[in-house]
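Got a structure open and wondering where the labels come from? Let's go through a few of them together.

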Amino acid sequence: MATPATVRVEELGHETSGYRDAHEERRRVVHVRGSSPRRAWFFLALAASTFAVAGAWMLTHEPSAWSWSPLLGLVAAILLLQAAPTILWRASRRTRFEATRRTLTVTTSPLGPRVIVEGWSARAPVVVARESRMGLAFGALPRWDLYSERDDGRRVHLATLHDEESVEFVRQFLTDAFRDAEPNDARHPLAVRFGPMPEGVTCLGDPTDPTKAYRLEARCPRGSLGTEIASSVFLALVGLLMVFATIGTAVVILEGLSSGAGIGLAISVVPFGFVLGMSVLSLRALRDQLRLTILRASGSVSLELADTGVEIDASPWRVRPLKPLARRTSPISLHVAPLERDPHEARVHVAHDGRTVRLHAPLRTDDARYLARVVEEHERERITRGRASAR
């Protein structure tokens with residue numbers, strides 16, 4: 001495989017070893033430097049050109065002719081403030097993969113961690129493609145996260161790379177470097193079947209025994225808890241105002257009934273219906289917002305997988321998109337779609353019996369996809385066992 005322009009490979013021997021015995025202590029090192037997207041360079045050049053045009057115009061003309069120059073300079077400043085950090089940050093990233101016979105050491109600079117994993121874990125790294133937003137001018141920029149497996153079956157983040165060629169080279173390098181690494185016989189059974197578990201997923205039970213039920217739990221993300229609390233307070237105030245408006249409108253209608261003003265009563269019924277409807281909508285929005293806030297504070301989504309089907313609920317706010325299931329042959333599946341405003345979180349729908357129900361609980365995209373993969377495999381095995389027993 002050809003070496004990308006962002007990759008440099010070297011081989012190091014042990015400091016105290018001679019030429020003949022260096023093979024046993026040989027360390028293969030791959031250096032990967034960051035690469036900035038071409039879009040960032042384009043916007044940086046555009047901003048510099050815009051500054052040059054605006055400055056030249058202001059130097060060669062009188063102040064009375066500067067009507068459009070400040071606006072052009074502001075646009076150039078916005079482009080520059082968005083392009084420069086993206087270029088500098090991505091270009092400054094340096095990742096060092098050092099592979100010995102038994103371990104892999106990954107060091108990321110600047111301000112990056114140092115991670116050491118066993119060879120059996122680094123032999124098959126998990127690559128997750130993501131998108132990160134770096135300013136309004138660029139939209140979503142691609143990046144790739146590399147994960148490995150810890151002794152407890154959970155995944156550990158190795159590095160983040162910014163171009164696909166580097167990712168493929170590093171993955172092939174790790175596969176070749178640890179091809180002969182000794183396997184770990186004590187791996188978590190869920191990690192053996194479905195890969196390393198995300199950080200927020202916990203498995204209770206033995207997934208290797210299809211006759212026994214086991215339970216999966218995924219923590220709800222806490223990232224925007226402050227925003228959710230502020231939204232709950234705002235909706236509470238709006239709901240309170242709408243309730244007061246409804247009560248006030250009802251009082252006006254009752255006074256009209258007591259005074260016998262038929263025309264005034266007919267006129268008051270229309271705004272009363274509008275205010276009442278807005279009050280109901282406000283209270284429903286407040287309920288949904290409170291549920292979201294409580295789930296973000298201390299919530300989790302659990303899936304119980306058994307022969308009777310899949311039972312899903314979220315606590316501490318009781319969210320159950322499915323009723324307790326009886327034995328059935330139609331499969332149950334989870335559909336995961338990342339949110340546009342935050343690709344790290346997902347919208348999850350539960351499909352069963354020809355209908356789709358949304359799970360009203362926040363989940364990380366990685367956690368939701370992992371749960372969907374486990375449910376799909378469990379349902380496939382359950383249906384296969386049911387058909388076999390029917391025969």
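This is a predicted model: local features need pLDDT of at least 70, side-chain atom pairs count only at pLDDT 80 or more; totals for chains, interfaces and linings use all residues.

Q: What makes strand S4 (residues 103–109) and S5 a pair?
A: Pairing takes at least two bridges. S4 and S5 have five, in the antiparallel sense, so they count as a pair. In one of those bridges, Val 106 is the partner of Val 115 in S5. The two strands form a hairpin with four residues between them, and Leu 111 in the turn has a positive phi of about 60 degrees.

Q: Why is Arg 171 called partly exposed?
A: Buried means under 20% relative accessible area and exposed means over 50%. Arg 171 comes out at 30%, so it lands in between and counts as partly exposed. You'll find Arg 171 in helix H4 (residues 164–177).

Q: How do you know what Arg 171 touches?
A: A contact needs heavy atoms within 4.5 Å. Leaving out residues up to four places away in sequence, Arg 171 touches Pro 125 and Val 127.

Q: Which residues touch the most other members of the largest nonpolar core?
A: Those are Leu 216, Val 301, Leu 303, Ile 312 and Leu 334, out of 32 residues in that core. Helix H8 (365–390) is one of the elements supplying at least two residues, and its six are the largest share.

Terms used
Residues are numbered from 1 along each chain as its sequence is written. Side-chain values use heavy atoms; hydrogens and water are left out. A nonpolar core is a set of buried Ala, Val, Leu, Ile, Met, Phe, Trp, Tyr and Cys residues joined through side-chain atoms within 4.5 Å. Buried means under 20% relative accessible area, exposed over 50%, partly exposed in between (1.4 Å probe, protein chains only).
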